[in-house]
Structures are given as C-alpha cells and as structure tokens.
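This briefing sets out what can be read from the model below, by topic. Please keep the sequence and the structure at hand while reading.

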Amino acid sequence: MASTVDIEAGLSKFPTVKTIVGSYTSQTKSKTSQAAEGGSRLGEFYAIQFYPFTKPGIDPVFAVVGGLETIVARPHDQKGIEVIQFFVDDGPIDEGLCALCWTRDKETGDPLLAVGGAGRIIKILNVKTGKCIQTLSGHGDELMDIQLHPCDQNIIASAAADCTIRIWSIDKKHREQPCLMVCAGEGHRETILSIAFHPSGRYLISGGMDHMINLWVIPEFPDDPTDDPIQLIYPHFSTSAVHSNYVDSLAFYGDYILSKAAAECKIVLWAIQNFNSKVPPPPTSKAPTTYEWKETRSAFGGSFERIMQFDAPATEPFYMRFGLFAQPFVNPILMMGTITGKVYMWDLAMIEKYAKGGGLGNDRDSASATPGESVTGGKIKRDDVGDIFGKVKAHHTLDIPKMRGHVRDIAFSGDGSYVVFCGEGSNITICKR
C-alpha cells in the first residue's frame, strides 16, 4: 500500500508534542457511513485504538482503520509517527472498514487485530506476520463496532446493521463454530452502532439507530466446543428515554454509563437504578419482555437516573465517538471531537473532587463508582451539577492544526500518556502529555 506522509510538529496547552500524519487516499465506505458523512467522501479514518497489552516503558502502538486500509503505527521522537505495519483489505472498494479491536494470541503472544466494516466479515490479522489468520462470518449486514472482552483475550463482540450482537471466540478449539452467542430478538430494531463491555465482563451495553440503549447479561460460556450458539432474546435493561437520536457512542464508567447520540451535542452520564456489578446479576428468566410496551424496562427494579450532561457543540453527525480514560489511581479524562477539528476535554477528577458527596467515586479509584450516591445538588468550581438538565462545559479545548473536519474517534494509551485522534481527511493526530 503506497502512502504519502505529511508530518508537522507543534505545541498546545495540553500536549507537549503534537504530530499530524495525513494525505492518505482511502476508498469510499459503505451506505451507512456515507449517510453519516452526508454523502460519499474519500480519505476518512473511522476507528483508532491503542494496543492494550504494552508493557510500561515501551512506546505504545496503535491501529487505525478506514477505507480498505488498516494502519499500525507508534510515536517516534524524530518522525512524530512511525508506520510499522499496514494491510489493504481485499474486498470491493465500497466495502470499507470502520471498526477494529486489539487482542493477542494466548499461545504465541503475537498481537492480533480484529477488523470489519461493510463486508460483514471480521478478519483477524496477525500484526507480527502481516497475515490474515482467521475470518468470522455470520452477520447479515455491515459491521459497526468490535470490542474485546476485558477478561478473556479470546473473546470479542461485534455489532452490526442486522440488529444483532455476536460474541465470538478465536480460541483454536472453537474454530469450527467460533460464534458463542447471539443477542437478537427483542433488543434492537435498527442498526446497532456502538457496544461496550463492563470491566467485569459480565455485562454488555449497546446503542443504535432506534434510540435504544440495552444492557445484556453475558453468561458463562462452556469450555467445550458447541454447534449451537446461545440465543439471548431479551436484554436485562432497555430504554429509549435517555436519548432522542442515533446512539453512537457508549462506555461504562465504573457502574455508571456515558452515552452520546447524534444531533444532541451532549454526552450524558447516567445510572441504571439498583444496578450493582458487585452482586450476581438477575437470572435470564427475569429479563423483562416486550409484551407490554414501556419506554424503560429493567430487571433491576426502577428505571434510570440522569446524573449530569457534558456540553459538546458541533458534534451533530452520527458515528462520532468520545474517548474515555478511566484507570485506577489516575485522573479520569473524557474527550470529544467536533466537526471542525477541535477536541473538548473534561477532567472528571475535578468534577468528583468538588461535587457534593463525591458520588462518582474518588480521585484514586474511579472504577469503584457505584450508582445511588447523589452527586446532584452541589456546586463545583466552574461547573454546576445541581441542574441535571444543564450542561458541564469543557474544561479545555484542543484546536488541532490541519484537522478541520470530523474527528471520528479518540483513543488513550494504557497509561494515559498519549492520546490519538482520527477522522476526516485521513488525518491522525497524536498528543503526548
């Protein structure tokens, strides 16, 4: 794959190093992504992610996908960004890639990439050898998101425009039937755009074009190979009341949920009432059915609690994702890109520190956050969280040179020392604190 690299270094208030790599000529994407862009465009990256298994002291490696290209790169003191591996998909030009996640081979330790898009197939790429080692097929329409299980490197989840979520195993013993579970039935009625695992691995949330957010309980999977994937018909929680447009970005923040929808220009922090990951989940038989229509259905009792909202103007198009850095003992950071190349930043530790009651956890271990402890009703420096329908403005805004279009995705390195952005114009921006 030929590429032209344009490198420019600069400074800003947040990073000490900023580098932009651009001028890649990617192919057009699929029908859904073209709709997200308002038409067909060339040269757009849709998803970016750091390799999560990098050891301390080693420069982090990240991957980005868009068009038919998968690019693997790392920071470089002189070059800014060094491309160390790239792949060109062998599918048709109009079946580009928009989703990826990292994992690794448990036997050899080789880094692996799961990539997918309009071609409906997930391809497992060995970054060390440069070969495609496995394909996962089963979705009936284009893939929109792929996520790695937080506790098992052999398990990944995928969401697609066929309104289903599939859980896959890349373990060699499941090679004949790699699909372990299908979440379908009464979950989503339109394209699923985003999924996210709870840190425990026991729960998965999903959001889609039907404005729905669902929470699925992930069962224990059998060790032995099976020909019949588990069929999960009903989620344990479902609501269309949090957002009024396409839900395209989700993340767990402890037991809280961060979510964003197109056209709303905000990120919402909210909680499922009575949800507590420290206790066993309700059995599958307790999952609420759809026999009686309700805007919110929950196996945990009650509904949901809206906690606060983050103001994010100029983020109207869908398929633009926020980035969250939330590791124990480190200040959590939330970031969101815009259609003009700017990136908003919120220091969640600032909000936690000054919010009355500190209900989001604490500065040292944000993963301990548990719903039910009120953070509303108190005032903090620069932010008023007393009004749950008010919006917390960004604590800082990055203005990225040359990136004047959509910032599609944001990713943090494992220790939070680097953050990368990708989007329109095939630009990749990397910042170092």
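A nonpolar core is here a set of buried Ala, Val, Leu, Ile, Met, Phe, Trp, Tyr and Cys residues joined through side-chain atoms within 4.5 Å. In this predicted model, the largest such core has 32 residues. The protein as a whole comprises 433 residues, of which 58% are buried, and its secondary structure amounts to two helices and 33 strands.

**Confidence and overall organisation**

- The average pLDDT of the protein is 83, and 82% of the residues reach at least 70.
- Where pLDDT is low, the predicted coordinates should not be read in detail.
- Of the contacts between residues at least 6 apart in sequence, 58% join residues at least 24 apart.

**Nonpolar cores**

- Within the largest core, the residues with the most contacts are Trp102, Leu113, Ile122, Ile124 and Ile156.
- Two or more residues of this core come from each of the strands E4 (62-66), E7 (97-104), E8 (111-117), E9 (122-126), E11 (143-148), E12 (155-160) and E14 (179-183).
- Strand E7 provides the largest share of the core, namely five residues.
- With neighbours within four places in sequence set aside, Leu113 is in contact with Ala63, Thr70, Val72, Leu100, Cys101, Trp102, Lys123, Ile124, Leu125 and Val127.
- Another core, of 21 residues, lies apart from the largest one and includes Tyr253, Phe310, Ala312 and Leu334.
- In soluble globular proteins, nonpolar side chains tend to be buried together.

**The open sheet E3-E4-E5-E6**

- Four strands, in the order E3-E4-E5-E6, form an open sheet with antiparallel pairing.
- Strands E3 (47-50) and E6 (80-88) are the edge strands; each has a single partner strand, so one side of each is left without a neighbour in the sheet.
- On average, neighbouring strands of this sheet are turned by 20° against each other, direction ignored.
- The antiparallel strands E5 and E6 are joined by eight bridges, and His76 stands opposite Gly80 in E6.
- Leu68 is located in the loop between E4 and strand E5 (69-76).
- Leu68 counts as buried because its relative accessibility is 10%, where the cut-off for buried is under 20%.
- Leu68 and Asp89 are separated by 21 residues in sequence, while their C-alpha atoms are 4.9 Å apart in space.

- Strand E13 (residues 165-169) is mostly covered, with five of its five residues buried.
- Both faces of E13 are covered: Ile165, Ile167 and Ser169 are buried on one side, and Arg166 and Trp168 are buried on the other.
- E12 pairs with E13 in the antiparallel sense over five bridges, and the bridge partner of Ala159 in E13 is Ile165.
- E12 and E13 form a hairpin with four residues between them, and Cys163 in the turn has a positive phi of about 70°.
- E13 also pairs in the antiparallel sense with E14, over four bridges; the bridge partner of Arg166 in E14 is Val182.

- His139 lies in the loop between strand E10 (131-136) and E11.
- A relative accessibility of 6% is the reason why His139 counts as buried.
- The side chain of His139 makes polar contacts with the side chain of Asp162 (3.1 Å) and with the side chain of Thr164 (3.3 Å).
- Beyond neighbours within four places in sequence, His139 is in contact with Arg120, Ser158, Ala159, Ala160, Asp162, Thr164, Ile165, Arg166 and Trp168.

**Positive phi in two loops**

- Asn274, although not a glycine, has a positive phi of about 70°.
- Asn274 is placed in the loop between strand E22 (266-272) and strand E23 (296-298), and its relative accessibility of 59% counts as exposed.
- Phe329, likewise a residue other than glycine, has a positive phi near 70°.
- Phe329 is placed in the loop between strand E25 (323-325) and strand E26 (333-337), and is exposed with a relative accessible area of 58%.

How values were computed:
Residues are numbered from 1 along each chain as its sequence is written. This is a predicted model: local features need pLDDT of at least 70, side-chain atom pairs count only at pLDDT 80 or more; totals for chains, interfaces and linings use all residues. Side-chain values use heavy atoms; hydrogens and water are left out. Buried means under 20% relative accessible area, exposed over 50%, partly exposed in between (1.4 Å probe, protein chains only). Contact means heavy atoms within 4.5 Å. pLDDT is the predictor's confidence in each residue, from 0 to 100. Two strands pair if DSSP finds at least two bridges between them. Axes are lines fitted to C-alpha atoms, for helices over the stretch in contact, and angles run from 0 to 180 degrees between N-to-C directions. A polar contact is a pair of N or O atoms within 3.5 Å; within protein, one must be able to donate a hydrogen and the other to accept it, and residues adjacent in sequence count only if both atoms are side-chain atoms.
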